[in-house]
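Visitor: I have the sequence and the model open side by side. Could you walk me through them?

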Amino acid sequence: VELDLDLESDPDRLSSRYAAGEQDVLWLPPDAMDIARHAFPREYFALPSAFTGFLLFNLHRPPFDDIRVRRAFALALDREAYADVVRRGYGTPGTGGLVPPGIPGHVPAIAPAYDPDAARRLMSEAGYPGGKGLPEIEFVVLGRRLVFPASQDYLLSQWRDVLGASLQSRIMGFDEYRRVGSGEAAPHLVETGWLGDFPDPDSFLRVCLDRFVETRHFPEV
């Protein structure tokens, strides 16, 4: 069986290869998947995947050296709406920590619930009421190309509308990410994820963390 797991490739090219019989299994971002599942209705199967998407905060650079700001950014995101609306139901809300459902170590509802009012209070306590005084935040999407723009649009709009934050986003490959340096040289905030190598918490709590901690950008994930 030939697989093409490169979600960073062009969805139209991948769909064409699948239609031509050049590959047997096809993974696509949610917007392209809606089109493909209607084009091949008898060939679509929904299966669980040991994947967790997450954010990395740079604790060495203001404002994320303040735990209140980190918590405010987390409280400003509605995980339910993100999973059900933005990602069109292709996935479940990330409310159970780094270890995904179905793997030992998953703790349901461990994540803070969506609470924009609490998020605003924390920003005020940290000295950034309504986003005043907040530096422009460098937000990096880790990958070779932007796979699903709606995802990044949602994150940026929530942080802007709820917290008054201004973010400059860009795409960065992992090799470049490793070379930019550590501490204050590293980006403020990174969006990335991890697909488990094997169905065991060790893949997330050791292998995954080692991969990102070894960059020395985020010593406390």
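Guide: Gladly, and let's start with a term: a residue counts as buried when its relative accessible area is under 20%. Keep in mind too that this is a predicted model.

Visitor: With that cut-off, is T192 buried or exposed?
Guide: T192 lies in strand 6. Apart from residues up to four places away in sequence, T192 touches G53, F54, L56, L142 and F212. Its relative accessibility is 14% and the cut-off is 20%, so T192 counts as buried.

Visitor: How many bridges join strand 4 to strand 5?
Guide: Strand 4 covers residues 137-142 and runs parallel to strand 5. Two places to look are V140, opposite R170, and V141, opposite I171. The number of bridges joining strand 4 to strand 5 is six.

Visitor: What is the bridge partner of V141 in strand 6?
Guide: Strand 4 also pairs with strand 6 in the parallel sense, over three bridges. V141 stands opposite I171 in strand 5, and in strand 6 its bridge partner is E191.

Visitor: How many of the six residues of strand 4 are buried?
Guide: Strand 4 pairs with strand 5 and with strand 6. Strand 4 is largely enclosed by the rest of the structure, because the number of its six residues that are buried is five.

Visitor: Are helix 3 and helix 5 roughly parallel or antiparallel?
Guide: Helix 3 (residues 67-75) and helix 5 (residues 116-125) have axes 8 Å apart and pack at an angle of about 160°. Angles over 145 degrees count as roughly antiparallel. Helix 3 and helix 5 are therefore roughly antiparallel.

Visitor: How many nonpolar residues are in the contact of helix 3 with helix 5?
Guide: Helix 3 passes helix 5 in a left-handed crossing. Helix 3 brings R68, V69, R71, A72, F73 and L75 to the contact, while helix 5 brings P116, A118, A119, L122, M123 and E125. By class, three of these residues are charged, none is polar, and the nonpolar ones number nine.

Visitor: How does helix 5 lie relative to helix 6: what is the class of their crossing?
Guide: The axes of helix 5 and helix 6 come within 9 Å and cross at roughly 65°. P116, A119, R120 and M123 in helix 5 meet D161, V162 and L163 in helix 6. By class, that contact has two charged, no polar and five nonpolar residues. Since 65 to 115 degrees is the range for this class, helix 5 and helix 6 are therefore roughly perpendicular.

Visitor: What is the relative accessible area of M123?
Guide: M123 is found in helix 5. Setting aside residues up to four places away in sequence, M123 touches V69, A72, F73, Y128, P129, L134 and L163. M123 is buried, with a relative accessible area of 1%.

How values were computed:
Residues are numbered from 1 along each chain as its sequence is written. This is a predicted model: local features need pLDDT of at least 70, side-chain atom pairs count only at pLDDT 80 or more; totals for chains, interfaces and linings use all residues. Side-chain values use heavy atoms; hydrogens and water are left out. Two strands pair if DSSP finds at least two bridges between them. Helices (H or I, at least four residues) and strands (E, at least two) are DSSP runs, numbered from the N terminus. Axes are lines fitted to C-alpha atoms, for helices over the stretch in contact, and angles run from 0 to 180 degrees between N-to-C directions. Angles under 35 degrees count as roughly parallel, over 145 as roughly antiparallel, 65 to 115 as roughly perpendicular and the rest as oblique. A crossing is left-handed if the near helix is turned anticlockwise from the far one by less than a right angle, and right-handed if clockwise. Contact means heavy atoms within 4.5 Å. Ala, Val, Leu, Ile, Met, Phe, Trp, Tyr, Cys and Pro count as nonpolar, Asp, Glu, Lys and Arg as charged, and the others, Gly among them, as polar. Buried means under 20% relative accessible area, exposed over 50%, partly exposed in between (1.4 Å probe, protein chains only).
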